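Work through the exercises below with the sequence and the model open. Each task is followed by a solution in steps.

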Amino acid sequence: MTRYDAIVIGSGQAGTPLSKKLAGAGFKTALIEKKWIGGTCINDGCTPTKTLIASARMAYTTQNSEQFGINIPEYSIDFKRIMQRQADIVSLFRQKSARGVESTPGLDLIFGQAEFIASHSLKVTLEDGSTDEFTAEKIFIDTGSRPRIPEIKGLDSIEYLTSTSILDLHTLPQHLLIVGGGYIGLEYGQMFRRFGSKVTIIDSSHRFLPREDEDIALEILKILEDDGIEIYTSSEIQKLEKPGKLISLLIQKNGQEINLNGSHLLMATGRTPQTDLLKTQAAGIQVNERGFIETNDKLETNIPGIYALGESNGGPAFTHISYNDFIIVSKNLLENSNLSIKGRPMPYCMFTDPPLARIGLTETEARQQGHNIKVAKLPVKNVARALQINETRGLIKAVVDAKSKLILGAAVLAYEGGELMAVFQMAMKGKITYEQLQYEIFAHPTFSESLNNLFMNLDDKT
């Protein structure tokens, strides 16, 4: 059994920088990865999807060029080239990440599937099928998640796509059926609609995007339906079959049965942790009913010396949160800091077009928590910069404390909404009141300037 000071399992956005940091601090370190360096983000998450969304955005711009006085009588979608572009960018990011690991002194990179055989001991099945055993006083788990596939009658007889396998497509779907109306399903749905596919989204949720305020969710729904996407909410799938060339999907909505037919099926029904592959029970590591590893506010498991970072601990499944996990663990361990996940901000973006960017509390959450609030809203069509660039779809919304005038949360459904959301985040971090933003000088014409108008009439509200 090979002994290390530290073993990191998984090379995602927490595991990779942590392994390099530990090795740089003098720990004899091993990084175990079962497939590709970079984790979900680089390989089948952020990098490929946002690259594809950029191509879809270009198609949308071309389709609407006449509104700018630019006539493009003919254009075509080269789907193979689009997919090759994203594959090339993924390869570039993956190779860069791998070089960083391989060039780090004191860090061994081991490709294989790890599983616990004791609390601080692992067996790794290597790429050639052989096995090796390793032990370390400190073990860090960053194994991420994989697409969750629910049990649906007939699904096992259908060739379906996941958010991973869809990246291997070489032919544009004629009609893409998407099961799941979450962020992944909506991003892929709008993307393929812009490439020219007919798109139908089926979601079991009673309300569209139930985690968001209803006014924001309805605005997104309108945008997607205006783009030509067919969306069924409150819909349960009864069965799936493929009697011929098309996939047939029978759903029930409000007691009515509806039959849908499509050329391709994407299962975008959430993600599940990969902790089952680790055999955490052999180490005595506690997991919850969903399989996520339980940790305290410093990301320590119930076993001393073992930590869980990123999606493996059930936290928000965002790259930036995973990276922040790395910051917390590394600084606490190497710099004797006392950092915690408690109270940290949770910014996120859904990259539909326009994107939805969120920080802090929703209006619903603020009211449920008993805050005395005021709500500011501004349609994007009233923003000067939006009119100039013809990006007028969406809504900007902020929730503020009526007494302190501090911002509790914001939703920005607007062109490059994540950039404006960051302004809200910095204001919240710095305890800047909405009055200060209302009278602040912002460069004209910018989206940030819209904060003047957003809060203009807020003092008149009760």
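**Exercise 1.** State what covers the buried residues of helix 11, and list those residues.

Solution. The cover of the buried residues of helix 11 includes strand 16, strand 17, strand 19, strand 20, helix 12 (434-438) and helix 13 (450-454). The model is predicted: local features need pLDDT of at least 70, side-chain atom pairs count only at pLDDT 80 or more, and totals for chains, interfaces and linings use all residues. Residues are numbered from 1 along each chain as its sequence is written, and side-chain values use heavy atoms, with hydrogens and water left out.

Helices (H or I, at least four residues) and strands (E, at least two) are DSSP runs, numbered from the N terminus. Buried means under 20% relative accessible area, exposed over 50%, and partly exposed in between (1.4 Å probe, protein chains only). By that rule, G417, G418, L420, M421, F424, Q425 and A427 are the buried residues of helix 11. They lie on the same side of helix 11, because they cover an arc of only 165° around the axis; the arc is that of the directions from the helix axis to the C-beta atoms. The face turned away from this buried side carries the exposed residues E419, M426 and K429.

**Exercise 2.** In what order do the five strands of the open sheet stand, and which strands are at its edges?

Solution. The order is 16-17-20-19-18, with antiparallel pairing. Two strands pair if DSSP finds at least two bridges between them. Strand 16 (348-350) and strand 18 (373-379) are at the edges; each has a single partner strand, so one side of each is left without a neighbour in the sheet. From one strand to the next the twist averages 10°.

Next, take the pairs that involve strand 20.

- Strand 19 (residues 395-401) and strand 20 (residues 407-413) are antiparallel over six bridges, and I396 has V412 as its bridge partner in strand 20.
- Five residues separate the strands in the hairpin of strand 19 and strand 20, where K405 takes a positive phi near 65°.
- Strand 17 and strand 20 are antiparallel over five bridges, and the bridge partner of G360 in strand 20 is G409.

Seven of the seven residues of strand 20 are buried, so strand 20 is largely enclosed by the rest of the structure.

**Exercise 3.** At what angle does helix 11 run to strand 20?

Solution. Axes are lines fitted to C-alpha atoms, for helices over the stretch in contact (heavy atoms within 4.5 Å), and angles run from 0 to 180 degrees between N-to-C directions. Helix 11 (residues 417-429) runs at about 175° to strand 20, and lies across strand 16, strand 17 (356-360), strand 19 and strand 20.

**Exercise 4.** Is R194 buried or exposed, and which residues does R194 touch?

Solution. R194 lies in helix 5. R194 is buried, with a relative accessible area of 6%. Not counting residues up to four places away in sequence, R194 touches A56, R57, A59, Y60, Q63, I77, D227, D353 and R393.
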